[in-house]
Amino acid sequence: MRYSRQREMILNALKNNPVHPTADYLYGLLRPKMPALSLGTVYRNLNMLAESGAIKRLRGAGGKDRFDHNNFDHCHVICKNCGRVRDIMLPPALARGLAKFKADAPVSAQECEILLHGICRDCKKKIKETKK
Ligand code: ZN
Ligand code: MN
């Protein structure tokens, strides 16, 4: 991949904001520092990084693509209430099972996404408190 200062800034912003940001979020964050930046450039660079395997794309989590600088095997939970996406690790037994599942699949599987949808602990607590 060709070196680009913009790409480096985008990748660093992703690494420093482990919230699984959308392209819009990163654009808002970088714009004050990089006045020449466009949303299209952010999208293009994130797509390139995802295609090269440097970062992960979470397709449509919460309606929009999000990006993740952690490209090791892990899963995500998304909260239906606050929309936050967090990492959860695969238990080792499940990771082994999943590796076999991928190897035996009728396509050469490159990605496997596991996303649990629900209400996060923080939101559960808040909902409880407002009901009191
Ligand atoms: Zn929540
Ligand atoms: Mn993640």
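Let's start at the manganese ion (ligand 2). Its protein donors are His20 (NE2), Asp68 (OD), His74 (NE2), His76 (NE2) and Asp87 (OD), and they lie 1.9 to 2.3 Å from the ion. One caution before we go on: this is a predicted model.

Now look at the sequence above. The manganese donors follow the spacing H-x47-D-x5-H-x1-H-x10-D along the chain. Take His20 and Asp68. His20 is in the loop between α1 and α2, while Asp68 is in strand β2 (residues 66-68).

Are His20 and Asp68 buried or exposed? His20 has a relative accessible area of 4%, so it is buried. Asp68 is at 3%, and that makes it buried too.

Which residues coordinate the zinc ion (ligand 1)? They are Cys79, Cys82, Cys120 and Cys123, each through its SG atom, at 2.3 Å. The angles among the 4 donor atoms run from 104 to 117°, and the site is tetrahedral. For comparison, the ideal angle for four tetrahedral donors is 109.5 degrees. In sequence, the zinc donors read C-x2-C-x37-C-x2-C.

Look at the middle of that pattern. Cys82 has 34% relative accessibility, so it counts as partly exposed. Cys120 has 11%, so it counts as buried.

Next, the strands. Find β3. Of its 5 residues, 4 are buried, so the strand is largely enclosed by the rest of the structure. What does β3 pair with? With β4, it pairs in the antiparallel sense over 4 bridges. With β5, it pairs in the parallel sense, also over 4 bridges.

Here are some partners to click on. Val77 stands opposite Arg86 in β4. Ile78 has Val85 as its bridge partner in β4. Cys79 stands opposite Gly118 in β5. Remember Cys79: it is one of the zinc donors. The hairpin of β3 and β4 has 5 residues between the strands. Within that hairpin, Gly83 takes a positive phi near 80°.

Now Arg57. It lies in strand β1 (residues 56-58). Is Arg57 buried or exposed? Its relative accessible area is 13%, and the cut-off for buried is under 20%, so Arg57 is buried. What does its side chain meet? There is a polar contact of 2.9 Å with the side chain of Asn47. Another, of 3.3 Å, joins it to the side chain of Asp65. Leaving aside neighbours within four places in sequence, the contacts of Arg57 also include Ala50, Glu51, Phe67, Glu111 and Glu113.

Let's move to the helices. Asn45 lies in helix α3. At 5% relative accessibility, Asn45 counts as buried. A polar atom of its side chain lies 2.8 Å from the backbone oxygen of Thr41. What does Asn45 touch beyond four places in sequence? Ser4, Arg7 and Ile10. Arg7 is worth a look. It is 38 residues from Asn45 along the chain, yet their C-alpha atoms are separated by 5.9 Å.

Last stop: the largest nonpolar core. It has 15 residues. Those with the most contacts inside it are Leu26, Leu30, Val42, Leu46 and Ile55. Which elements give two or more residues to this core? They are α1 (5-16), α2 (23-30) and α3 (39-52). Pick out Leu30 on the screen. Not counting residues up to four places away in sequence, Leu30 touches Met9, Ile10, Ala13 and Leu37.

To recap: a manganese ion with donors from His20 to Asp87, a tetrahedral zinc site, β3 paired with β4 and with β5, and a nonpolar core of 15 residues.

Key
Residues numbered from 1 in each chain as written. Chains lettered and ligands numbered in written order. Predicted model: local features only at pLDDT ≥ 70, side-chain atom pairs only at ≥ 80, totals over all residues. Heavy atoms only, no water. Buried < 20%, exposed > 50% of the residue type's maximum accessible area, 1.4 Å probe, protein only. Polar contact = N/O pair within 3.5 Å; in protein donor to acceptor, adjacent residues only side chain to side chain. Contact = heavy atoms within 4.5 Å. Donors = N, O, S within 2.8 Å, 3.2 Å for Na, K, Ca; no water. Tetrahedral: all angles 85-135°; square planar, octahedral: opposite > 155°, others 65-115°. Core = buried A, V, L, I, M, F, W, Y, C linked by side-chain atoms within 4.5 Å. Pairing = 2+ DSSP bridges.
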